[in-house]
Amino acid sequence: MAQEPEAAATPVERDENDFIISVEDVWKTYRMGDEEVHALRGVTLKVIRGEYLSIMGPSGSGKTTMFNMVGALDTPSKGKVLVNGANMSELSQAQIAYLRCHSVGYIFQSFNLIPVMTALENVSLPMVFSGMPRKEYEEKAAAKLALVGLGERLHHKPLELSGGQMQRVAIARAMANDPELILADEPTGNLDLKTGQEIIELMLKMQAESGVTIVTNTHDHKMLGVSDRVVDLRDGTVEKIRRRDEINIKEGHIEGFDPTAE
Ligand SMILES: Nc1ncnc2c1ncn2[C@@H]1O[C@H](COP(=O)(O)OP(=O)(O)O)[C@@H](O)[C@H]1O
Ligand SMILES: [Mg+2]
């Protein structure tokens, strides 16, 4: 990848409008009987609008807890999360519900599709919740499914699809209301290497076409090369944040992955 030395050396000046999410000294403590588990210990992180950010870290490092904070699915024990400059803890229940429905698309490791519904119905659901007329949401759901390569699978139910196809349905569903932010918690965790690669490529395509911001939790090294920035989370704290040009990957090479190994 060609790289301008000045670009790497000069820090970009940013103002608050550049950030879609600001996590400010966030702590999350879970109580288990008498015991306290500190899942996050003072995390500060700003997500730049339009970027592809990967949060990496071993199991138990706090990735899913971060996902829940950034996606307004849970609240911090201490500290604050700003969404487009608004403090999430000061939003009303209705504003939070609106945010979850319109501004954020969620993708989970285990797909979380509704088994009794077809692909078309699963993708329609967020649009039904947003009050869209039936004709409109059915057309839009079919178009989103075509976009993820499932134009021929509209009426299949999740169990009639492969893992990769189920994750494609979940991506189409996440994009249904044209969100500003896609949050993906280990999206390739249940997929084989090749299918995982295809899912990452699909998320990149979504980002390129719509400008959506992507934040993804992963311990999948395939995510390193495609990310604009990589956050290393350890024991609930940010160990380091690297920009793409600071990550040591050769073109076509995946860090930590040896294609010749069995
Ligand atoms: N609901 C919960 N109750 C108690 N402890 C929890 C809960 N959720 C997560 N934890 C603990 O918080 C820590 C971070 O968990 P998590 O965010 O799920 O990590 P990761 O997604 O990186 O594997 C772990 O020690 C986990 O056991
Ligand atoms: Mg997790």
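The model is a predicted one. Strand E3 covers residues 52-56, and five of its five residues are buried, so the strand is largely enclosed by the rest of the structure. Buried here denotes under 20% relative accessible area.

E3 is paired with two strands, E8 and E9. Strand E8 (residues 213-218) runs parallel to E3 and is joined to it by five bridges. The pairing with strand E9 (residues 229-234) is also parallel, with four bridges. Ile-55 takes part in both pairings: its bridge partner is Asn-217 in E8 and Val-231 in E9.

A further group of strands forms an open sheet. This sheet has four strands in the order E2-E1-E4-E5, and the pairing is antiparallel. Strand E2 (35-48) and strand E5 (86-87) are the edge strands, each pairing on one side only. E4 and E5 run antiparallel and are joined by two bridges. Across this pair, Leu-82 stands opposite Asn-87 of E5.

Strand E4 also contributes to the cover of a helix. In helix H3 (residues 93-103), the buried residues include Ile-96, Leu-99, Cys-101 and Ser-103. Among the elements covering the buried residues of H3 are strands E4 (78-83), E6 (104-108) and E7 (181-185). Helix H4 (119-129) is another element of this cover.

Key
Residues are numbered from 1 along each chain as its sequence is written. Chains are lettered from A and ligands numbered from 1 in the order in which they are written. This is a predicted model: local features need pLDDT of at least 70, side-chain atom pairs count only at pLDDT 80 or more; totals for chains, interfaces and linings use all residues. Side-chain values use heavy atoms; hydrogens and water are left out. Buried means under 20% relative accessible area, exposed over 50%, partly exposed in between (1.4 Å probe, protein chains only). Two strands pair if DSSP finds at least two bridges between them. Contact means heavy atoms within 4.5 Å.
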